Amino acid sequence: MRRIIVNNIVSLDGYYADATGNPLVLNMDAAFDQANLDSINAADMVLLGRDSFDGFSSYWPFIVDAPEPADADAPEARAFNEVNRAISRRYNAIPKVVVSDRGPVATDNAWAQTTTVIPRDEAAGWIADAKQNGDGDIVVFGSRRTWNGLLSEGLVDELHLMVSPTVLGDGVRLFGVPADLDLVECRRFEDSPNVQLRYRVTSPRPDNV
């Protein structure tokens, strides 16, 4: 049976992004990159909301073949290292499912041939069926609105939360629904202040509990 695995970065005080909706204020360092590569390599499908898909598909398809940066020691050069090129390569190959009511992906999108779009009101039923057919994980990156909806339906199996040592004080809350979680693993990384917490979802909880 497939599992739905959610991968998100979060501030120490529980925010997904700052008050402007920007998640890049969080510490997306080399440990974050490696954890994402490990996750996508362990999966056989990626599930995304439309905003995340549009952002990722405008960036990730092209990293694998991007030219080497002129200054290999510049901070931006990390975007083109082997880990990120491997993420790009895997993203390009793996089947992607997008939960969206905005219609099909444009034919000139680099991922058009490997992407299926399902309407939002059909997502829970589609995913419940998909979980029964196959063995590989379905991994979710970003896509906060989408996976919170699935969490409320009892369809998320694990949450892998990369905790950034950042206190935002305000912003977009990671969780939009209540749930009960069981800590399975706490992972630290060499040369990174980030910590990854892996939780098993024991049950969603109704809003009035």
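Which residues are exposed on the other side of α4? In this predicted model, the residues exposed there are Asp129 and Gln132. Helix α4 spans residues 123–132, and its buried residues are Ala123, Ile127, Ala130 and Lys131. These four lie on the same side of α4, because the arc they cover around the axis is only 100 degrees. The cover over the buried residues of α4 includes the strands β1 (4–11), β3, β4, β5 (115–118) and β6, together with helix α5 (144–152). Glycine 134 follows α4 and has a positive phi, near 125 degrees.

Helix α3 comprises 12 residues, 82–93. From the first C-alpha to the last, α3 reaches 17 Å, which is close to the 16 Å expected at 1.5 Å a residue. The N-terminal end of α3 is capped by asparagine 81, with a side-chain oxygen 3.2 Å from the backbone nitrogen of valine 83. Within α3, the buried residues are Asn84, Arg85, Ala86, Ile87, Ser88 and Tyr91. Among the elements that cover them are the helices α1 (30–42) and α2 (50–57) and the strands β3 (43–49), β4 (96–99) and β6 (137–141). Strands β3, β4 and β6 are also among the elements that cover the buried residues of α4.

Aromatic contacts were examined next. A pair of aromatic rings is described by the distance of the centres and the angle of the planes. The structure holds seven aromatic pairs. In one of them, tyrosine 59 and tryptophan 60 have ring centres 5.1 Å apart; the planes stand at 80 degrees, so this pair is edge-to-face. Tyrosine 59 counts as partly exposed because its relative accessibility is 37%, whereas tryptophan 60 has a relative accessible area of 13% and is therefore buried.

Conventions. Residues numbered from 1 in each chain as written. Predicted model: local features only at pLDDT ≥ 70, side-chain atom pairs only at ≥ 80, totals over all residues. Heavy atoms only, no water. Helix = DSSP H or I, 4+ residues; strand = E, 2+ residues; numbered from the N terminus. Expected span 1.5 Å × (residues − 1). Buried < 20%, exposed > 50% of the residue type's maximum accessible area, 1.4 Å probe, protein only. Contact = heavy atoms within 4.5 Å. Polar contact = N/O pair within 3.5 Å; in protein donor to acceptor, adjacent residues only side chain to side chain. Arc of directions from axis to C-beta. Phe/Tyr/Trp six-rings, centres within 6.5 Å; stacked < 30°, edge-to-face > 60°.
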